[in-house]
Amino acid sequence: MPDPNGFLRYDRRLPARRPVPVRITDWREVYPPAGEALIREQATRCMDCGIPFCHDGCPLGNRIPDWNDLVRTGGWDAAVESLHATNNFPEFTGRLCPAPCEAACVLGIGGGQPVTIKQVEVEIADAAARGGLAPRPAPAPTGRSVAVVGSGPAGLAAAQQLARAGHAVTVYERDDAIGGLLRYGIPDFKLEKQHIDLRLAQLEAEGVRFRTGVHVGVDVTAEQLREAHDAVLLACGALQGRDTPETPGRALRGVHQAMAHLVAANRVVAAAGEGRPALAVLPDGTPIDAAGKHVVIIGGGDTAADCLGVAHRQGAAGVHQLDLYPEPPHARDAARDPWPTWPWILRSYPAHEEGGDRVFAAAVQEFVDDGTGQVRAVRIAEVTVEKRDGRRIVTAVPGSERELPADLVLLAIGFEGTEEQPLLAQFGVARNARGAIDARPDWQTDADGVFVAGDMHRGASLIVWAIAEGRAAAAAIHSYLGGVGELPAPVDPARQPLAAR
């Protein structure tokens, strides 16, 4: 029985972030561990609603009221079990998910204060890690084999589910380390990499095999993979960055995709952790470091905020972040985004309190050459944005143009789907109009026995959707292989987030 007065007795509170002057000198996580007293207090605010809309806000169907009440009463071991019943990697979602469950919390109706679900989740996950992530190997092998291509959250979730069902699972990763964007795309100040390593040790103990440095379609052909395995899951993500080739000066040196900057920075941090010197460079050796530079980040989402935090820690001389759209409201507009849908509001990340200037309703008109082929500035203009016949129309405001100094420009304007790569043609699948790979209701692609999940199927999305799709695809593969019983399948390929109709 929950505390019926908890939300009346306690306000929403989060643990204090590490001080800005301290945290920008290192790459450790912004949030320190919260004390048990604070977490139990916040869990007490959960009302255990008769209809818990937080369940629908989360595609994993996390049993949020259950583990909130277990934390409230000190039942941490049971809370760990409840959380892991629906989520393979709560230590990732608790750090990286923007928490659509909180947007759907009943306490948020009318501008109220939702439960700090995400913070409670990460504290339960960290308690589990401190106690040791015990492996749960299958009691007996099935004799069937599955290849998982890609080691992001979708691929890893599917691999764990299938291994626990007794199938022999091999994860193929073209990079030199397992984790996908969790490893090299997410900065350590959001996710320190020991959390990944702890989980990988658990998966290995459960029988999952990892093969790094293997580019499927190049180093191993699709035919070879299909001969070696009974089923294949494609979980290669959606890494094709959106570009602006039509903008004058795009080809200048110093104008890069945001992910190139993040990957280079993460590699430097990883090397430092191993005691190896390293420089932030592109694969061709071109330096891509913000130290001492004027940086312009184009985009207003998570990736842009990650670039902002990295630029601060690399010692940028100054940073401007440009957003095409006008500044969002600070509170939910109930007419536009009624509860419990995900609201369009101003989202400020920890990186924003570390410095930099945000410029709304602005677009780059030209990347300005310094005379040697290197960018020296961006010429921007105020813009208006409207939709006509389903198309976005951007109009520059006459007389509003000005220049911003820029030695490094990072494009963080979204993703166009999965990359065009040899494995697609070899498996006989093609990208759709959204740059993603279609799946039938059983998660199979147009190629029999070849399944798809995560961002490769959905397009760039949230980590909870990736894990949910990985779990659901694993259930479909288990059925395809004739496995005994059923695995949990939280979503189907057509499932969409909560939205106002």
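Me: Why is Asp 48 called partly exposed?

Reply: The model is a predicted one, and in it Asp 48 has a relative accessibility of 38%. Buried means under 20% and exposed means over 50%, so a residue at 38% falls in between and counts as partly exposed. Asp 48 is placed in the loop between α3 (36-44) and α4 (53-57).

Me: What makes the phi of Asp 48 worth a remark?

Reply: Its phi is positive, at about 50 degrees, although Asp 48 is not a glycine. Most residues other than glycine have a negative phi. Ala 99 is another residue other than glycine with a positive value, its phi being near 70 degrees, and it is found in the loop between α7 (90-96) and α8 (100-103).

Me: Is Ala 99 buried or exposed, and how do you know?

Reply: Ala 99 has a relative accessible area of 5%; since buried means under 20%, Ala 99 is buried.

Me: How do you know on which side of the cut-off Thr 303 falls?

Reply: Thr 303, which lies in helix α15, has a relative accessible area of 19%, and because the limit for buried is under 20%, Thr 303 counts as buried. Leaving out residues up to four places away in sequence, Thr 303 touches Ala 258, Met 259, Leu 262, Ala 412 and Phe 415.

Me: What makes Asp 175 partly exposed, and what is it in contact with?

Reply: Asp 175 has a relative accessibility of 24%, and as buried would require a value under 20% and exposed one over 50%, Asp 175 counts as partly exposed. Asp 175 sits in the loop between β2 (168-173) and α11 (181-184), and beyond its neighbours within four places in sequence it is in contact with Tyr 184, Thr 212, Gly 213 and Arg 267. Of these, Thr 212 is 37 residues from Asp 175 in sequence, while the two C-alpha atoms are 6.0 Å apart in space.

Me: Why are β3 and β14 said to stand at the edges of their sheet?

Reply: The open sheet to which they belong has five strands in the order β3-β2-β1-β4-β14, with parallel pairing. β3 (209-212) and β14 (450-452) each have a single partner strand, so one side of each is left without a neighbour in the sheet. From one strand to the next, the twist averages 20 degrees.

Me: How do you know that β1 is paired with β2 and with β4?

Reply: Two strands pair if there are at least two bridges between them; five bridges join β1 to β2, which run parallel, and four join β1 to strand β4 (residues 231-234), again in parallel. Val 149 stands opposite Tyr 172 in β2, and Ala 147 stands opposite Val 232 in β4.

Me: What makes β1 a mostly covered strand?

Reply: In strand β1 (residues 145-149), five of its five residues are buried. Ser 145, Ala 147 and Val 149 point one way, Val 146 and Val 148 point the other way, and all are buried.

Me: Why are β5 and β8 the edges in the other sheet, which is also described as open?

Reply: An open sheet of five strands has the order β5-β13-β6-β7-β8, with parallel pairing. β5 (255-257) and β8 (357-360) each have a single partner strand, so one side of each lacks a neighbour in the sheet. Three bridges join β5 to strand β13 (residues 408-411), and the bridge partner of Gln 257 in β13 is Leu 411. Helix α14 (residues 258-273) packs on the sheet and touches β5 and β13, its direction making about 80 degrees with that of β5.

Me: How do you know that the length of helix α18 agrees with its number of residues?

Reply: At 1.5 Å a residue, the 18 residues of α18 (residues 463-480) should span 26 Å, and because its end C-alpha atoms are 25 Å apart, the two values agree. Of these 18 residues, 16 are buried, so that α18 is mostly covered.

Methods: Residues numbered from 1 in each chain as written. Predicted model: local features only at pLDDT ≥ 70, side-chain atom pairs only at ≥ 80, totals over all residues. Heavy atoms only, no water. Helix = DSSP H or I, 4+ residues; strand = E, 2+ residues; numbered from the N terminus. Expected span 1.5 Å × (residues − 1). Buried < 20%, exposed > 50% of the residue type's maximum accessible area, 1.4 Å probe, protein only. Contact = heavy atoms within 4.5 Å. Axes fitted to C-alpha atoms, helices over the stretch in contact; angles between N-to-C directions.
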